[in-house]
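Work through the exercises below with the model open beside you. Try each task before reading its solution.

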Amino acid sequence: MAKWVYSFGNGKADGEAKMKNLLGGKGANLAEMSNLGLPVPPGFTITTAVCTYYYTNGETYPSDLEKEVNLAIDRISKLTDTRLGNPERPMLVSVRSGARVSMPGMMDTVLNLGLNPETVEGLVKLTGNPRFAYDSYRRFVQMYSNVVLGLDHADFEEIIESAKESKGVELDTELNADDLKKIAAEFKEVVKKKLGKPFPDNVKDQLWGAIGAVFGSWQVPRAKTYRRLNKIPEDWGTAVNVQTMVFGNRGDTSATGVAFTRDPGTGEKLLYGEFLINAQGEDVVAGIRTPQPITKIVRERQGGKKPSMQEALPAMYMELLRICGALEDHFREMQDVEFTIQEGKLYMLQCRTGKRTAKAALKIAIDLVSEGLIDKKTAINRVDPAALDQMLHPMLDPSAAKVEIAAGLAASPGAAVGEVAFTADEAEKRAGEGRDVILVRTETSPEDIHGMHAAKGILTARGGMTSHAAVVARGMGRPCVAGAGALRIDADAGVMTAGSVTIRRGEVITLDGTSGKIFKGRVPMRQPELTGDFNKLMAWADEVRVLKVRTNADTPADAVTAVRFGAEGIGLCRTEHMFFNDDRIIAVREMILADDKPAREAALAKLLPMQRSDFEAIFKTMSGLPVTIRLLDPPLHEFLPHKEEEFADVARACGATVAKLRSKANALHESNPMLGHRGCRLGVTFPEIYEMQARAILEAALNVEAAGTKVHLEIMIPLVAFKTELDMMKDRIDAVAAGIKKERGRVPSYMIGTMIELPRAALRAAEIAETAEFFSFGTNDLTQTTLGLSRDDAGMFLPEYLTKGVLKVDPFVSIDRDGVGELIKIAAKRGRSTRVKLKLGICGEHGGDPDSIQLCHEAGLDYVSCSPFRVPVARLAAAQAALKQTTERDV
């Protein structure tokens, strides 16, 4: 018989930390903290299995769930001497979500549940604190009305603001018990007016309404978006945690806060977080009030005036420090905790692995090894490869001129430049048009998740270091400045002001999430400097990985960047990119529009020295590392002129009329160029093109070797479907090589291979490998040709496929394992059945995607190739793939 409910508290629990799949991360860790004897208010967890049941059975519950919930409530009653709905000893609980991985702010929470007109009076008598009781009641009515009944949060904020205005006060804490009692009554009138029925006062109805709302929040748009962005499966579901309330809003000896055991921005070992005296937890994370730092040193760094927790509540600070240390030692990982102090007693409400920036993740992993808490292999697995992207891009140039307009909290490091957008929808729209965007909000909410993902950086006027904006930005790797109180934002008017400076919608600003500063206009960037912790982790990764990591580079500058990041060769050098320079494009167009072979060869003769010079520069840069050069691949129409002056330039160069050239261009038009006259098909029909490229490549290699630099050359033929195509191209290249040897007495060594980017080539890999000395999987085109998708047009419907679950991930981001991945494995196996030492690599954009790298490791490839800035990502992902395989083999 299934067990649906697991209790915790009073030094013991039904569950433990290992049960995250069933209890969710929050429930499992509440159980673990209880088992450790930490001060955890008692409660119970309704399992993720109930969520699965709920959605597969028409949003109904298992028949025996209510009985288990009632038994769990009875246990809380015995431990706390309270009763749900009892006016004399009222039990108040929180109802929170808890997926197996953290989804901060994406799902719903209800606090102070159990209050009604009778129990609130009982709370007044029990505590002797009417202000606290009615503050809790108005919070409950507002939160329940928003989360469970679906009313707008703003409907209630207007009432609070009006009450403060009529009393001439600024803060919620300046309202007295009578004010709050009146506000709660007005809240309930809003509910009755909006919904046509009264606010529910039956506490059992309240409880089941909140449980249903938490399960329902698993499918709200913001949660779906977050799952899609973070590759969280929909069928995981969420647990529901019901826990006895403890109150941070019971006066000046009460408080609530969020803390990290290390700085989530830098990794520094110090208690880092924020708290508020006389407040509840939502006040801290929602950004409604700007909280105070936990530690004195952070307050001093931020220039804060209000005392830190270390200064205001020193005894409680020391107790929190002790507990956080114990948790970090136990979990061997940086922790993110929520706590409440009720009249001088500390309670722990949650702990979880803390989200952090890539910089912090690196430092924490290295430091934990130094402290003896984890080993090197664990450290490698602690850093998300994709998150390294944060560290690999330019930062603000410190010597550049800047016009600072405001400053806030350095909530998430890094720099971003973009056009100001004042709503999430606007940010998403502008980003979809190819613009860089900064999302500017008074404060963000979970509903903004899609705009935050689209933006390059996030700026808020309110909120602290643990506000929604800060936590989500750090998790996404977006620079963020929070709590910039000098800003005045009018989203409706599309205007932001900071003192005398006005910034309008669409104007450019620059954020520095490392310093918390905001600048007018575009500030120049500089290249990152990667030393210390980064290099140490990369060295550890290189010790365990099996896959080599190359780069896709078409210029010496790209190659230099990639080598600096640890590239071990070039896996894809696209020769066509060299043709688009202004001094070459006319000769290319001459060649394409030529009427006969002699005219074509005359144009190619102009290109030969240019190409040779390009290859010489790349060979010198790579200094003996492998260089795979792909011969011309794109359809010829991509090089053709479009404007009148462009046709005139070509006409002058080749002595033809514009009308004749237009006629020739029209004749080259293709209805489906992706599957048309491109790749090796160009080499078959116009062999002189590939002959010129082969000569340029081989002569460049000879020249560089003659100057004392070794060259490791691989020539790659694109879009091969038939072995005979490859044979023809190899014969042409070998003939050019023979001619060079006759002219110069020697020829450089070279390998000839092919891209596998057509399903037929993958299936016929055994015979193609009779000629090819290496395969490089061009997964961009292999994905298009296997799935029948145009990468350029699929954006019109792919989002729907992802939202509706047809696809779990975008196949142009991560390799389609069951289709494209299977073809890669087939081709690898069949190719090596013919040529045992056949070199195998991948050179599509997937070469920098961690999930795709895992598949490449499983398929037995020799290397992956990716863009220069993703080389470190690939190095770390390759190490994690090797460690995963070792772990699975050991198990």
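## Exercise 1: The barrel

A closed barrel of eight strands runs S25-S26-S27-S28-S29-S30-S31-S32, with parallel pairing. From one strand to the next, the twist averages 25°. This is a predicted model, where local features need pLDDT of at least 70, side-chain atom pairs count only at pLDDT 80 or more, and totals for chains, interfaces and linings use all residues. Residues are numbered from 1 along each chain as its sequence is written, and side-chain values use heavy atoms, with hydrogens and water left out.

**Task.** Find how many bridges join strand S27 to strand S28, and name the residue that Arg 630 stands opposite in S28.

**Solution.** 
1. Strands (E, at least two residues) and helices (H or I, at least four) are DSSP runs, numbered from the N terminus. Two strands pair if DSSP finds at least two bridges between them.
2. Locate the strands. S27 covers residues 626-630 and S28 covers residues 712-717.
3. Count. Five bridges join these parallel strands.
4. Read off the partner. Arg 630 stands opposite Met 716.

## Exercise 2: Strand S6

**Task.** Decide which strands pair with S6 in the antiparallel sense.

**Solution.** 
1. Take strand S3 (residues 43-46). S3 and S6 are antiparallel, with four bridges. Phe 44 has Val 242 as its bridge partner in S6.
2. Take strand S4 (residues 93-99). S4 and S6 are antiparallel too, over seven bridges. Val 95 also has Val 242 as its bridge partner.
3. Sort the side chains. In a regular strand they alternate between the two faces of the sheet. Thr 238, Val 240, Val 242 and Thr 244 point one way from S6. Ala 239, Asn 241 and Gln 243 point the other way.
4. Check burial. Buried means under 20% relative accessible area, exposed over 50%, and partly exposed in between (1.4 Å probe, protein chains only). Seven of the seven residues of S6 (residues 238-244) are buried, so the strand is largely enclosed by the rest of the structure.

## Exercise 3: Leu 373

**Task.** Say where Leu 373 lies and whether Leu 373 counts as buried or exposed.

**Solution.** 
1. Leu 373 is in the loop between helix H14 (358-370) and helix H15 (376-382).
2. Classify. Leu 373 has 15% relative accessibility, so this residue counts as buried.
3. Find its contacts. Leaving aside neighbours within four places in sequence, Leu 373 touches Asp 329, Arg 332 and Leu 368.

Note on methods: Axes fitted to C-alpha atoms, helices over the stretch in contact; angles between N-to-C directions. Contact = heavy atoms within 4.5 Å.
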